[in-house]
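Work through the following exercises with the sequence and the model side by side, and try each task before reading its solution.

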Number of protein chains: 4
Amino acid sequence: MECGDPVQQVHLTSGMSVDALIRAIGNAGAYNGGAMAEAVRIYETMLEDSGATRFLGLAGAMVPAGMGGIISDLIRDGYVDVLVSTGANLTHDIIEAIGCHHYKGSSSGNDVELRQSEINRIYDIYLPNDAFSVFEEFLQGSFGKLKPGSVISISDLLRHLGGDLKSGILHTAVRKGIPIFCPAIQDSMIGLQFWLYNQTHRVTVDAFADMKGIIDICFDAERAGALLIGGGVPKNFILQSMLMTENGFSYAVQLTGDRPDLGGLSGATLDEARSWGKVEEDAETVTVYGDATITLPLLVAAVRGRIS
Amino acid sequence: MECGDPVQQVHLTSGMSVDALIRAIGNAGAYNGGAMAEAVRIYETMLEDSGATRFLGLAGAMVPAGMGGIISDLIRDGYVDVLVSTGANLTHDIIEAIGCHHYKGSSSGNDVELRQSEINRIYDIYLPNDAFSVFEEFLQGSFGKLKPGSVISISDLLRHLGGDLKSGILHTAVRKGIPIFCPAIQDSMIGLQFWLYNQTHRVTVDAFADMKGIIDICFDAERAGALLIGGGVPKNFILQSMLMTENGFSYAVQLTGDRPDLGGLSGATLDEARSWGKVEEDAETVTVYGDATITLPLLVAAVRGRIS
Amino acid sequence: MECGDPVQQVHLTSGMSVDALIRAIGNAGAYNGGAMAEAVRIYETMLEDSGATRFLGLAGAMVPAGMGGIISDLIRDGYVDVLVSTGANLTHDIIEAIGCHHYKGSSSGNDVELRQSEINRIYDIYLPNDAFSVFEEFLQGSFGKLKPGSVISISDLLRHLGGDLKSGILHTAVRKGIPIFCPAIQDSMIGLQFWLYNQTHRVTVDAFADMKGIIDICFDAERAGALLIGGGVPKNFILQSMLMTENGFSYAVQLTGDRPDLGGLSGATLDEARSWGKVEEDAETVTVYGDATITLPLLVAAVRGRIS
Amino acid sequence: MECGDPVQQVHLTSGMSVDALIRAIGNAGAYNGGAMAEAVRIYETMLEDSGATRFLGLAGAMVPAGMGGIISDLIRDGYVDVLVSTGANLTHDIIEAIGCHHYKGSSSGNDVELRQSEINRIYDIYLPNDAFSVFEEFLQGSFGKLKPGSVISISDLLRHLGGDLKSGILHTAVRKGIPIFCPAIQDSMIGLQFWLYNQTHRVTVDAFADMKGIIDICFDAERAGALLIGGGVPKNFILQSMLMTENGFSYAVQLTGDRPDLGGLSGATLDEARSWGKVEEDAETVTVYGDATITLPLLVAAVRGRIS
């Protein structure tokens, strides 16, 4: 067994850039700080590899926490080729895009009093019920323009909604022509609204229609890379799609707060994905354990400092 | 502010039953041990409330870890009225039901060598690729009996598969007439196999068709209770379905290894669900943080010791 | 790479014993459930190895949570040869032994109101200030019997206190002649009380006097085993003491809620201890990640079911 | 119940400073990202309050991970008035100060092979045994200059060692006249070396002699603030020392990877400390959950960007 480079003690300077901070942490190179620096290196390599198709998986309550701006900017600037999201993040993206807001609150807010004040809590973020009224109006209006009797895919439905918005993740993805996949769309406020619409209108959303789309992208990719924010359905859906091809992902960066020893996919290391062939044997991968409201801004700010 | 009952120091006896152990931990009543005892009490109350409709949410890689037997026994014995699962758990349930096995392995197994040995790793569990060949044969055979051109729901598809099995969760649910919901069915090996089938056969799975089913159950429930194993899509899909009614869940027990401060729903407390109205203001709820391969057997063994 | 035994799906029976539950979980054998069953097997082996010296490390707020009874019973029944504890656990052990109590409370109790009610909070456990008045009286009385001008070790001081008690961990350890080490005794209410006493009385506690004691025990041990509840000072102090000998621990079981990727010793795997030689190359070791208010009662109840 | 400010979606720019990043995260203000921004604000306030005595608690394996440079720079620049550390961090600080290094390694390194290569592992950091030979030579040499028969405090011993060093935390603290407390000094390689020395030389280290020092500092403080890196003995020793006065801490920032629901002090919120009076009722406090190899550099780089 051999040792690698010596750990360099970190020295910080006033006014230093995020990129410089990450380089200092990387020269130390231990624990999740080391993983963070490695994530920046791999994500930079992946974005600069013009032959790589870039997948972005988005789970966790990221948009209510203000992380949506980072995602839509990445899409706007051409750093995302395929987006796979939970329905919740798209719900909250629409809420912001139609002019409503999430608000700072308290994680120890009294939930019964919040209920009586018609405020919904997401840890320390508050979302008044009013927002869902505007949301309902927007969605029912947009759904109303769907062609009666048609059979569409989930990504068709999301593209339709994004076309009616002026900002945010869905809007930007549609404007840039990026496909948006959301396998569990029913499991969200968008899903509940569509169920309401479906009570009186017949539009069929084919659950499996999008699989051809994502698998074709996997087949067509010269190389593929994934940035996985959280785990959940987006992580697995991205990784499993590659199973249908001869290849695996060449790059993968995961930011997660879960832990591997519970066995669940959300906390699983990307090494585990190698055994399945979802990730190439010699792929560059790293998992950073921590809260993505810290690790995502760090990752993207540092990479932007390098590739601009 | 006032103190509750004194903490009673725990004394254990040789050969004691699980129920007695939980009572001793409950008399201490601290941290997750206290929550565990409270979970047993609430789950017992919920199962003994004949007016309560019982939902079971199943996330995490539970079937590969041997927890599937506990779930199918609960269904067999009438303790589950509605099952919401991830696609992965149903995939692994089918694998066991068709005579294949998961195997004990090592969490530090070399993933490149595992890949070369055609063994897939789930933390410290191994699953040989062979199982997926038998799985493919079974699924394609079963899919082949679907009516060409039909439009079905996800629960229809799962009921169809369960009807062709002889044991396990899906089989038992079908035999007992319990609906099985799996919003993100595409996000699983079942999904990939259906996509293969769909390449040459036209059967449409309507993504939203099941929402009427679960919401009707919510409307019809006198009271409702939920046992949530892990978080993910099953937790949210169960809780959100109640939003369409005037009521919330009266009982809810969650076993999760996540943490609340990351903001994600999987780790969120059930108090948070009160602010949304998913859970009644005066509902009996508890979250036990820990690995469900420990907390689920403990919960169910203790409750079985009480209600038999 | 090869697979081990097949995972056996868990089936639970009404009234089953804790030992039977652990055997069922062990036949599944995954994640922390599998580790729990392995911990029972190793701890049983360690207790039945008459040539093994058994160390117990006690960290975390275990006594306030009612876990003290398990520990004192283990000592009473001869299953502990050396105890290393944090000062806090010994403080709370004395509080219980002098007839005061910890009480059930709420993790969301308002801490400012608690302060005003003179109640101290430990997560969801409450401890009224009154207890510290009785504690002060007991300690100052007991300290008053120390020989003025003497130089004693920390274990001498703890033995002195235990001799004045009628129940609990300290009392039982003294009655059984078991040495109690507590390197950071100053870092506790016992420490603060001793400082008060020291203001007006001269008794010197030699910080290093106990090292000879624990290292001699390590030298004399034919084989050594450790049950580590939590990490902290007790874990390291036990493991490092063996470094001075040619040997390492032959058995080690750790119950911890920490995680390894943060680099701290409390969450470190026992494999890491092999590289240091603290643990033998072929030692039987396992770490169970979870809340010790669940895993400790499970471990001890199951082992008691086997060795009685 | 009322909502606070709206969450502002985060937008990142190329080359942005760490301070600007933290301001952007703070304008979002959710989960641990929000706590991180709050930690920067409170730590800045604390450092700019000229009437505040600043305590630094250092636990976890921080020096092997390169975080020692940040700590010694903070001391050098006058931002620390009292240091409380684990013995392990001071051990590794000495190792670096005498010219040895920690090295980058792998968390999946084979520990038996590492043992045979005489390399010690700390998660993904390697430390060759050679370093301990140099360490032993330095320590025994330095100890040899202690006055035979003397009775000293732990901080005396550490000041003595620091005086023989040319760089690092101990050296800088001594040079700046900052007291260093380490209640569990025995629980470290320094402790083992002192035990060796004590075999043949009589120098007595009085375990309680330092309590007067830290408690006097608490009495003399107009206001007090604490930066707590990890939990363990340093966190409690700092907080409990204030219990002897009428006052509590006015500022407290904790960076920890533990979780509160396990009941242990390391993961406990600083709110809990309010009930004990360790922290003032109206104190400004925040806990950031995450790996300190990420959160500590972020905190200090951002604060340095503001106070310079």
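A residue is called buried if 20 or more other C-beta atoms lie within 10 Å of its own, exposed if 12 or fewer do, and partly exposed in between, with C-beta atoms placed from the backbone. Helices (H or I, at least four residues) and strands (E, at least two) are DSSP runs, numbered from the N terminus. The model is predicted, and local features need pLDDT of at least 70, side-chain atom pairs count only at pLDDT 80 or more, while totals for chains, interfaces and linings use all residues. Residues are numbered from 1 along each chain as its sequence is written, and chains are lettered from A and ligands numbered from 1 in the order in which they are written.

**Exercise 1.** Decide whether α2(B) is largely enclosed by the rest of the structure, and describe its span.

*Solution.* Begin with the burial count: 13 of the 18 residues of α2(B) are buried, so this helix is largely enclosed by the rest of the structure.

**Exercise 2.** Describe the backbone and surroundings of B:Tyr31 and C:Tyr123.

*Solution.* First, B:Tyr31 belongs to helix α2 (residues 31–48) of chain B, and its phi is near 55 degrees, a positive value in a residue other than glycine. Because B:Tyr31 has 32 C-beta neighbours inside 10 Å, it counts as buried. Then turn to C:Tyr123, which sits in the loop between β4 (119–122) and β5 (125–128) of chain C and has a positive phi of about 50 degrees although it is not a glycine. With 26 C-beta neighbours inside 10 Å, C:Tyr123 counts as buried.

**Exercise 3.** Characterise the side of chain A that touches chain D.

*Solution.* Start with the numbers: the contact (C-beta atoms, placed from the backbone, within 7 Å) takes 62 residues from chain A and 62 residues from chain D. Among the elements of chain A that each supply at least two residues to this side are α1 (18–28), α2 (31–48) and α13 (292–307), and α13(A) gives the most, with seven residues. Finally, sort the residues of this side by type, which gives 31 nonpolar (Ala, Val, Leu, Ile, Met, Phe, Trp, Tyr, Cys and Pro), eight charged (Asp, Glu, Lys and Arg) and 23 polar (the others, Gly among them).

Definitions and conventions: Contact = placed C-beta atoms within 7 Å. Expected span 1.5 Å × (residues − 1).
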